Amino acid sequence: MLILSIFSLVSSQIIIGELPSEINEQLTIQVDTKSFRISYCLSSDQYKSGLKKNEFNYPNPKAFIQLNEKLMLQYITDELYIKMENKSALFYYENWRCKQYAIYDYDLQEYEISVNNSKNRILRILEQEKQDLSKLKQNKVWNYQLHLNSKTQQQHIQLNYDNISNGPKYQYERKLIGAGLHQFIETKITFDKQPSQNVVIVDELDTFTYVDKDELDKLPYDAKLMTIVDIERPNELSTQHIILSKHKGTLEIIYVMPYHFRYHLASDTHYKTSYVPNIPRVYLESQQGGDPLIKSFFNHNFQQAEISNYQSHLSYEIPVGYLPYKNVVIMITIGITLGMALHISNLIRREKQ
């Protein structure tokens with residue numbers, strides 16, 4: 001009993017742990033007319049060591065989750081947090097460890113409540129900073145970043161209303177190629193004027209689909225998977241993941257990517273509708289500034305381009321297990337198993353005779 005008690009105490013200390021004494025936090029909230037994205041990141045020099053490339057590893061996962069939840073619930077509702085937490089994407093870059101939440105298909109009223117909750121919280125912070133609030137009150141498209149340092153207690157707030165470059169605007173088209181659970185998505189990006197240099201496209205996949213890393217490595221363009229993907233999980237138990245792909249800057253970019261539709265858990269219907277998030281984010285290579293995450297993958301500065309239109313999500317009907325047939329399937333399975341057992345038993349008995 002004493003040994004068990006000591007083991008339990010040591011295990012709890014390992015799981016709970018303590019955050020490093022010097023750590024940076026970064027909260028980013030991005031809102032536009034079709035999506036609501038939040039990312040929460042922690043950075044520390046301690047994260048540079050002891051981390052494997054094939055796993056998402058926090059030195060103190062429980063402490064991080066507690067901090068994450070406490071911070072998130074200041075900005076969004078409990079209901080939306082639960083939805084986002086269940087399908088959050090985990091990724092890392094350099095000494096940052098991040099969780100990203102992206103919502104595309106949601107109840108409009110709940111979305112509006114959460115957006116207003118975030119906006120009101122940010123308004124109060126900006127009032128304390130004595131900043132101009134008129135644009136935030138009028139504008140629905142904004143990007144908010146809050147940087148904190150646990151050691152110095154310093155914070156830096158940045159609010160962008162048009163977090164885009166002054167370069168070309170783009171529009172996009174997507175279509176499915178093939179049939180079954182393994183298909184291809186063809187994406188066409190069209191610019192209104194020639195991009196001067198390279199382009200990076202960010203595809204955020206929801207839980208309905210996934211991309212196999214082995215297939216990604218064989219593509220004719222440079223594509224990187226930011227997150228860990230469990231290809232065996234059904235839609236209801238999977239998480240989001242993010243793909244970065246680099247292309248030459250031309251007036252029209254067409255690229256094809258292999259997509260797998262996930263299985264769904266058994267349901268009271270014969271089919272479930274799966275969706276492909278249909279909003280590729282485009283970044284243009286720039287001389288300075290840009291997104292630090294993309295820079296860490298491609299060693300150049302890339303700033304977000306402005307999108308000129310949105311399209312509806314692509315959808316596909318996936319056959320699923322039909323729950324009303326559950327008892328029938330069980331009885332048939334038991335019958336076949338017993339029949340085979342009796343048959344094998346008879347064969348064995350005949351051989352002995």
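Predicted model: local features only at pLDDT ≥ 70, side-chain atom pairs only at ≥ 80, totals over all residues.
I took a salt bridge to be a side-chain nitrogen of Lys or Arg within 4 Å of a carboxyl oxygen of Asp or Glu. Residues are numbered from 1 along each chain as its sequence is written, and side-chain values use heavy atoms, with hydrogens and water left out.

**Entry 1: overall figures**

I noted eight helices and 17 strands in the chain, where helices (H or I, at least four residues) and strands (E, at least two) are DSSP runs numbered from the N terminus. Of the 353 residues, 42% count as buried; buried means under 20% relative accessible area, exposed over 50%, and partly exposed in between, with a 1.4 Å probe and protein chains only. Taking a contact as heavy atoms within 4.5 Å, I found that 72% of the contacts between residues at least 6 apart in sequence join residues at least 24 apart.

**Entry 2: salt bridges**

I looked up the salt bridges next, and the count came to nine. In one of them D203 meets R174, with 2.0 Å from N to O. D203 lies in strand β9 (residues 199–205) and R174 in strand β7, so this pair ties together parts that are 29 residues apart in sequence. I recorded both D203 and R174 as buried.

The side chains of E306 and K169 also form a salt bridge, at 3.8 Å from N to O. This pair links distant parts of the chain, 137 residues apart, with E306 in the loop between β16 (301–304) and β17 (314–319) and K169 in the loop between β6 (155–160) and β7 (170–177). E306 is partly exposed at 29% relative accessibility, and K169 is partly exposed at 36%.

I also noted a network of salt bridges that links R37, E204 and R281.

**Entry 3: helix α3 and strand β4**

For K99 and E85 I found a salt bridge whose closest N and O atoms are 2.8 Å apart. K99 lies in strand β4 (residues 96–103) and E85 in helix α3 (residues 78–86), so the pair ties together parts that are 14 residues apart in sequence. K99 is buried, with a relative accessible area of 6%, whereas E85 is partly exposed at 23%.

I then turned to the aromatic pairs, of which the structure holds six. Y81 and Y101 form a tilted one, with 6.3 Å from centre to centre and 45 degrees between the planes. Y81 lies in helix α3 and Y101 in strand β4, so this pair ties together parts that are 20 residues apart in sequence. Both Y81 and Y101 are buried. The rule pairs rings of Phe, Tyr and Trp (its six-membered ring) if their centres lie within 6.5 Å, and planes under 30 degrees apart count as stacked, over 60 as edge-to-face and the rest as tilted.

The buried residues of α3 are L80, Y81 and M84. Seen down the axis of α3, they fall within an arc of 100 degrees, so they line one face of the helix; the arc is that of the directions from the helix axis to the C-beta atoms. On the face turned away from this buried side I noted the exposed residues I82 and N86.

**Entry 4: a record for residues 108–139**

I found that an unreviewed UniProt entry places the feature "coiled-coil region" at residues 108–139. In the model this span is 84% helix and 0% strand, and its end C-alpha atoms lie 18 Å apart.

Methods:
UniProt positions renumbered as here; feature names shortened; annotations may be inferred.
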